[in-house]
Amino acid sequence: MKQAFDFTAVDKIIDEIGAQPSSIIAILQGIQEKYRYLPQEVFPYMAERLGVSEARIYSVATFYENFSLEPKGKFVIKVCDGTACHVRKSIPILERLRSDLGLSEDKATTDDLGFTVETVSCLGACGLAPVLTVNDKVYPAMTPDKASELLEQLKEEL
Amino acid sequence: MLHNREELQKARQVYAEALNAEEKKILVCAGTGCVSSGSLEIFDKLTQLMQEKGISCSVELEQEPHHDVVGMKKSGCHGFCEMGPLIRIEPQGWLYVKVKPEDCEEIVEKTISNGEHIERLAYQKGKTICQKQDDIPFYKKQTRLVLNHCGHIDANSIKEYLAVGGYSAFEKALFDMTADEIITEISESNLRGRGGGGFPAGRKWAQVKRQTEPQKYVVCNGDEGDPGAFMDRSIMEGDPHSLLEGMMIAALSCGANEGYIYVRAEYPMAVNRLRTAIAQAKEAGLLGNNILGTEFSFDIHISRGAGAFVCGEGSALTASIEGKRGMPRVKPPRTVEHGLFDKPTVLNNVETYANVPLIINKGAAWYKTIGPENSPGTKAFALTGNIVNTGLIEVPMGTTLREIIFEIGGGMRDGGEFKAVQIGGPSGGCLTKDDLDLPLDFDSLTKAGAMIGSGGLVVMDDKTCMVEVARFFMNFTQNESCGKCVPCREGTKRMLAILERIVNGEGEDGDIEMLLELADTISATALCGLGKTAAFPVVSTIKSFRDEYEAHIYQKRCPAGACQKLKQIYIVPELCKGCSKCSRICPVTAISGKVKEPFVIDQSKCIKCGACIESCPFHAIKEA
């Protein structure tokens with residue numbers, strides 16, 4: 001049998017932000033920061049606490065790109081594919097990361113939940129293009145080789 | 001806690017004295033760019049080294065003036081991100097570029113202790129060494145008003161903001177001006193929305209003031225989603241208090257008592273700096289109830305986006321703050337009447353608010369002396385792409401592209417030839433060689449079929465394929481389309497499909513006409529600004545580079561040599577010795593032949609990976 005979900009952390013997040021419908025996004029962000037994704041158990045629970053329908057929360061969670069209903073890796077690598085990075089060749093970096101980790105466009109997370117590789121539309125660090133981020137730390141002026149090196153370093157920290 | 005006007009003035013004076021007393025200052029750039037190049041490690045290293053050597057340094061401004069300390073400051077973005085990490089040395093005004101932790105010892109020893117300049121850390125252009133920041137061509141041509149504080153004061157300190165005259169515009173507006181006078185001043189200055197639309201800010205404020213509904217909001221759009229734009233991020237990170245001050249003045253003018261700043265999720269540092277700034281302003285009594293002993297109460301909240309480009313659109317943004325899906329709605333009613341929580345709302349962009357304190361302080365007449373009459377003031381641009389100096393710049397409206405690209409930007413990188421500049425992101429268009437002398441302001445750009453947008457300038461050289469650029473933007477808009485209205489949801493999909501076919505060498509006769517027809521329909525019928533402008537990059541590239549589209553479609557050729565699928569890799573029979581090396585290395589067995597006879601590549605199998613080119617010992621394999 002599946003273990004019962006512990007809502008203590010969720011409660012804490014909701015209490016801190018305030019249990020009103022306008023806080024849905026902030027609460028979901030809090031939950032995602034804690035679990036690295038949105039566990040399905042939180043939807044009915046949040047709906048009850050905020051007094052809105054489960055569909056409303058689900059509609060918000062699926063609209064915004066930052067929310068994930070699937071578990072993500074320990075290291076989330078976001079390759080910027082904004083205009084500036086794109087013209088300075090960001091796609092070969094993405095391709096290298098994917099091939100090194102055996103990932104693809106449809107499969108973004110490694111089976112051991114170590115890495116997630118995704119693209120992001122402009123991180124605003126265009127002066128240093130092409131860039132990627134690992135859990136929000138920005139790595140400037142990347143190349144496919146530098147990306148492979150970075151992966152090796154990160155693998156040691158897994 | 002400041003209780004009245006006198007206390008605010010006193011505080012400003014005390015901190016100004018303390019700041020002026022610091023004879024030596026080191027400003028380490030702590031913008032996102034330099035931080036990712038390691039500027040914070042340099043800050044720590046410098047502080048640590050000075051402590052070891054017994055040089056007293058202060059990392060926070062204190063009330064008591066100290067003459068013999070070195071002020072260490074984490075400043076906002078200096079703008080010259082390419083050369084980061086950047087360090088500015090005061091009082092000399094020197095700028096050190098690309099500073100590494102290994103350089104810190106020398107900086108402390110020579111520059112801080114002895115006041116010597118370290119030549120190798122200065123910016124060099126050819127043989128000229130630019131000691132001072134102002135000597136560098138990148139800065140010389142700029143007029144930094146809105147970005148004036150970025151790089152000159154500690155971005156995280158309300159004390160330094162006060163020391164350089166911060167909140168004096170708010171003070172003037174609160175005590176010496178009526179709401180109508182504020183609006184008149186802003187209207188007369190002809191400040192136009194810097195988010196792209198160019199709508200006069202004063203008119204917007206007046207419309208909100210007229211509403212009888214008692215609850216009103218002031219909202220700041222910090223959802224800078226255009227790829228290639230980061231002006232607003234730099235202001236939020238580098239000078240957060242000027243943004244707060246602008247919003248407070250807007251609130252005073254229209255009678256709002258609550259404000260929201262909507263920041264996109266990709267800007268965590270901006271969120272942190274704004275949070276700190278708001279907490280500092282609250283503590284100082286500049287936000288909250290009965291500010292400085294008056295009737296005026298105002299509070300500001302931060303709303304973090306969650307990754308949706310469309311939320312930069314007004315009604316989508318307010319929906320998102322309300323905790324809903326960020327989808328635009330039909331207008332009218334407009335945001336000024338029914339905005340956030342269905343209440344009258346002033347919604348302006350970060351840069352617009354940051355202009356407000358300047359105008360209130362120096363007056364509309366002064367403001368109008370900068371730039372052309374119908375769009376006065378300055379504009380910050382994010383300069384990126386295939387250009388030597390990338391970074392954040394601020395120039396008077398009406399500056400020409402030529403000045404920006406070749407004087408400030410230092411020309412093209414790697415000897416490339418200028419081909420086009422993409423302005424205004426996915427809603428904008430391309431400007432070409434013929435437009436180099438076009439003054440950049442709202443009206444001239446609209447006439448040229450582009451728009452200023454939020455101010456991203458992506459410079460492209462002759463190796464950039466314009467059809468591919470159009471495809472890139474269409475892919476972006478298609479991804480970000482919220483799906484509410486059919487023209488945008490389906491139309492962008494169809495346009496993207498055609499563009500993909502063209503860059504893959506499967507373009508057909510009639511594609512260009514179909515693209516233009518779809519563009520026309522989408523622009524005329526889409527619900528919001530994102531949809532209405534979605535086709536602009538395509539229309540604009542067709543207008544200026546129709547021959548490139550035609551080469552792709554009819555000759556299956558990419559003139560820029562950028563489209564992978566249109567490359568042809570072939571073996572020159574005269575050079576091939578038939579060693580079979582290429583056929584062994586080919587990952588898709590597209591190469592075959594008899595040993596000692598010329599090999600051939602099966603074009604239908606070839607994936608254009610280029611592995612064979614590198615493997616050939618006789619350089620017999622070529623690309624066309």
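Which strands of chain A does helix H6 (residues 91-101) lie across? I looked this up in the model, which is a predicted one. H6 of chain A lies across strand S1 (75-80), S2 and S3 of chain A. Its direction is at about 160 degrees to that of S2(A).

**Chain A, overall**

I listed the elements of chain A and found seven helices and four strands. Read from the N terminus, their order is α-α-α-α-β-α-α-β-β-β-α. I took the extent of the C-alpha trace along its principal axes, and for chain A this is about 50 × 35 × 25 Å. Of the 158 residues in chain A, 37% are buried. I also looked at contacts in chain A between residues at least 6 apart in sequence; 61% of these join residues at least 24 apart.

**Chain A, the sheet**

I went through the strand order next. The four strands form an open sheet in the order S2-S1-S3-S4 (chain A), and the pairing is mixed. Strand S2 (115-120) and strand S4 (137-139) of chain A are the edge strands, each pairing on one side only. On average, and with direction ignored, neighbouring strands of this sheet are turned by 25 degrees against each other. I then checked one pair by itself. Strand S3 (residues 132-134) of chain A pairs with S4(A) in the antiparallel sense, over three bridges. Within S4(A), Val138(A) is the residue opposite Thr133(A).

**Contact of chains A and B**

How many residues does each chain give to the contact? I found 38 residues from chain B and 33 residues from chain A. On the side of chain B that touches chain A, the elements giving two or more residues are helix H2 (32-36), strand S12 (378-385), strand S16 (456-461) and helix H18 (466-480) of chain B. I sorted this side of chain B by class and got 14 nonpolar, 16 polar and eight charged residues.

**Chain B, strand S16**

S16(B) was on that list of elements, and I followed its pairing. S12(B) and S16(B) run parallel and are joined by four bridges. Strand S14 (residues 418-423) of chain B is antiparallel to S16(B), with five bridges between them. Leu457(B) in S16(B) is the bridge partner of Leu383(B), and Leu457(B) is also the bridge partner of Ile423(B). Is S16(B) enclosed or open? Five of its six residues are buried, so S16(B) is largely enclosed by the rest of the structure.

**Chain B, helix H7**

I looked up which residues of helix H7 (residues 168-176) of chain B are buried. They are Ala169(B), Phe170(B), Glu171(B), Ala173(B) and Leu174(B). The cover over these buried residues of H7(B) includes helix H1 (5-21), helix H8 (179-189), helix H11 (240-254) and helix H14 (350-362) of chain B.

**Chain B, helices H19 and H22**

Last, I took a helix pair. Helix H19 (residues 486-503) and helix H22 (residues 536-554) of chain B pack at an angle of about 40 degrees, and their axes are 11 Å apart. Because of that angle, H19(B) is oblique to H22(B). From H19(B), the residues in this contact are Met495(B), Ile502(B) and Val503(B). They meet Val538(B), Tyr549(B), His552(B) and Ile553(B) in H22(B). By class, the residues of the contact between H19(B) and H22(B) are six nonpolar, one polar and no charged.

Key: Residues are numbered from 1 along each chain as its sequence is written. Chains are lettered from A and ligands numbered from 1 in the order in which they are written. This is a predicted model: local features need pLDDT of at least 70, side-chain atom pairs count only at pLDDT 80 or more; totals for chains, interfaces and linings use all residues. Axes are lines fitted to C-alpha atoms, for helices over the stretch in contact, and angles run from 0 to 180 degrees between N-to-C directions. Angles under 35 degrees count as roughly parallel, over 145 as roughly antiparallel, 65 to 115 as roughly perpendicular and the rest as oblique. Two residues are in contact if their C-beta atoms, placed from the backbone, lie within 7 Å. Ala, Val, Leu, Ile, Met, Phe, Trp, Tyr, Cys and Pro count as nonpolar, Asp, Glu, Lys and Arg as charged, and the others, Gly among them, as polar. Two strands pair if DSSP finds at least two bridges between them. A residue is buried if 20 or more other C-beta atoms lie within 10 Å of its own, exposed if 12 or fewer, and partly exposed in between; C-beta atoms are placed from the backbone.
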